[in-house]
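Subject: Structure handover

Hi,

Here is the structure I promised to pass on. Please open it alongside this note, and my findings follow below.

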Amino acid sequence: MSITVLPLFVYGSLRSGFQHPAYAYISKYFELAGTAKVKGALYDMGEYPAAVPTNAETWITGELYTIQQTAEFPWAMGQLDDYEGINGEADEPVLYAREKTTVYLNDTAIEAWIYWYKGDVSGRPRIECGDLLVYMQQKNKQ
């Protein structure tokens, strides 16, 4: 299956500020283009964040990455698809889907990949600021 080579927008553990082991992977294959935003709502699911698309004027802050070696893109995205669980086991629900969306980098609209959450967010706390790093810093101060 061929995957269109597009930048990747990340808003959770793949962001540079989290120093998650998965970030070490992403930084090997992708180059940070900058802080970006996408129209959507962000929720605290406990162990992980959930981004859902919205038509409201609410924004999710994250980072936009471009692949360093175009030939490695399908393999690198396959690894990230596995990390995000979009090819889940038969007995596990698939919680994320990789989809094309419009991302804004310095007010320039760019088509990019994002992992949208496909599960139920009802009853979960909304991350009003739209920035998981800021939210976690505020949460840790409480």
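**What I found**

Tyr-117 counts as buried, at 6% relative accessibility. Keep in mind that this is a predicted model.

Tyr-117 has an aromatic partner, Tyr-48. Their ring centres are 6.2 Å apart and the planes meet at 45°, so the pair is tilted. The two residues come from distant parts of the chain, 69 residues apart: Tyr-117 is in strand β6, and Tyr-48 is in the loop between β2 and β3 (49-53). Tyr-48 is partly exposed, with a relative accessible area of 30%.

**Aromatic pairs and charges over rings**

How many aromatic pairs does a search of the whole structure find? The count is six. One of them joins Phe-30 and Phe-73. That pair is edge-to-face, at 6.4 Å centre to centre, with 70° between the planes. Phe-30 belongs to strand β2 and Phe-73 to helix α2, so the pair ties together parts 43 residues apart in sequence. Both phenylalanines are buried.

The charged end of Lys-37 sits over the ring of Trp-59, 4.6 Å from its centre. The charged end of Arg-98 sits over the ring of Trp-113, again 4.6 Å from the centre.

**The core**

The largest nonpolar core has 44 residues. Which of them touch the most other members? They are Leu-8, Phe-9, Phe-30 and Met-77. Leave out residues up to four places away in sequence, and Phe-30 touches Leu-8, Tyr-65, Thr-66, Ile-67, Gln-68, Phe-73, Ala-76, Met-77 and Leu-80. As background, nonpolar side chains tend to be buried together in soluble globular proteins.

**The helices**

Helix α1 has its own buried set: Ala-22, Tyr-23, Tyr-25, Ile-26 and Tyr-29. Viewed down the axis of α1, they fall within an arc of 155°, so they line one face. Pro-21 and Lys-28 are exposed on the other side of α1. The buried residues of α1 pack against β1, β2, β4 and α2.

**Backbone points to check**

Two residues other than glycine have positive phi. Asn-106 has phi near 55°, and Asp-107 has phi of about 65°. Where is Asn-106? It lies in the loop between β5 and β6. Asp-107 is placed in the loop between β5 and β6 too. Are they buried or exposed? Asn-106 counts as exposed at 67% relative accessibility. Asp-107 is exposed as well, with a relative accessible area of 69%.

Best wishes

Key:
Residues are numbered from 1 along each chain as its sequence is written. This is a predicted model: local features need pLDDT of at least 70, side-chain atom pairs count only at pLDDT 80 or more; totals for chains, interfaces and linings use all residues. Side-chain values use heavy atoms; hydrogens and water are left out. A nonpolar core is a set of buried Ala, Val, Leu, Ile, Met, Phe, Trp, Tyr and Cys residues joined through side-chain atoms within 4.5 Å. Buried means under 20% relative accessible area, exposed over 50%, partly exposed in between (1.4 Å probe, protein chains only). Contact means heavy atoms within 4.5 Å. Rings of Phe, Tyr and Trp (its six-membered ring) pair if their centres lie within 6.5 Å; planes under 30 degrees apart count as stacked, over 60 as edge-to-face and the rest as tilted. Helices (H or I, at least four residues) and strands (E, at least two) are DSSP runs, numbered from the N terminus. A charge sits over a ring if NZ of Lys or CZ of Arg is within 6 Å of the ring centre and within 35 degrees of the ring normal. The arc is that of the directions from the helix axis to the C-beta atoms.
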